[in-house]
Amino acid sequence: MKFYDCETAPSPRRVRIFAAEKNIRLQKVAVNLADGEQFSDRFRSINPDCTVPALQLDDGTVITEVTAICQYLDELYPEPPLFGSSPANRARVTMWNIKAEQQGLLPAFDAFRNRSRGFAGRALTGPDSFDQIPELAERSVVRARAFMERMNGELANHEFLAGDEFSIADITALTFMAVAIRLKIELPADLDHLERWHSEMSSRESAAA
Ligand SMILES: N[C@@H](CCC(=O)N[C@@H](CS)C(=O)NCC(=O)O)C(=O)O
């Protein structure tokens, strides 16, 4: 199995954290996004979407999309379960992972790519060119802050985002917070539960992955 990775990028980090939680050693192949290696013919033949991460199995099958890769690893290495350990937990984990992606991570990516000069003409990932929309960056910051409030409310009642078990939803949300912090998005005031959770998640060994 080969794991196409980029040390500085948030999406492959989600998989690295997931693998670290399960003590899985991935054989990594570095893709230098800063140098545009994702657009090379060699990498396009692996992932025509030109994004990392990608996992190539020994029979050549390629899996892209963080959640799909993690789901595959979870089936191969079931312990500890990071997609929930009962039907209800699995549903809650899936629900919160989707919320963290759609309401947290994607707005944070949109804010980043629509306002950073380095992404001019590359507001979306992939081989096609898209112009930046500064108003979208502004709206995305508002959405990211709103999701922090939403998480804070949830974390008032649970240790982890999807309930009482650490899961992929926490990994996605932690990655969202890392992008928000990098963007210097100001945290809404008095989010004590979010702060408690964030400090606990950041001090897990896997967070260094
Ligand atoms: N939906 C994809 C998102 C992957 C993604 O956005 N990867 C970024 C790095 S965080 C990327 O490869 N960017 C390439 C580029 O900026 O050209 C997934 O879950 O794997």
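How far is the sulfur of C6 from the closest cysteine sulfur? The distance is 14 Å, to C50, which is too far for a bond. A disulfide requires two cysteine sulfur atoms within 2.5 Å. C6 is also buried, with a relative accessible area of 8%. Buried means under 20% relative accessible area, by a 1.4 Å probe and counting protein chains only. C70 counts as buried too, at 1%. Its sulfur lies 17 Å from the closest cysteine sulfur, that of C6, again too far for a bond. The structure holds 0 disulfides.

The model is predicted; local features need pLDDT of at least 70 and side-chain atom pairs pLDDT 80 or more, while totals for chains, interfaces and linings use all residues. Residues are numbered from 1 along each chain as its sequence is written, and side-chain values use heavy atoms, without hydrogens and water.

The ligand is surrounded by 15 residues, where a residue counts if one of its heavy atoms lies within 4 Å. Q38, V52, E65, R113 and R122 are the closest. By class, this shell has 8 nonpolar, 4 polar and 3 charged residues. Ala, Val, Leu, Ile, Met, Phe, Trp, Tyr, Cys and Pro count as nonpolar, Asp, Glu, Lys and Arg as charged, and the others, Gly among them, as polar.

Taken alone, the ligand exposes 510 Å², and the protein buries 85% of that. These areas come from the Shrake-Rupley method with a 1.4 Å probe.

Methods: Buried means under 20% relative accessible area, exposed over 50%, partly exposed in between (1.4 Å probe, protein chains only).
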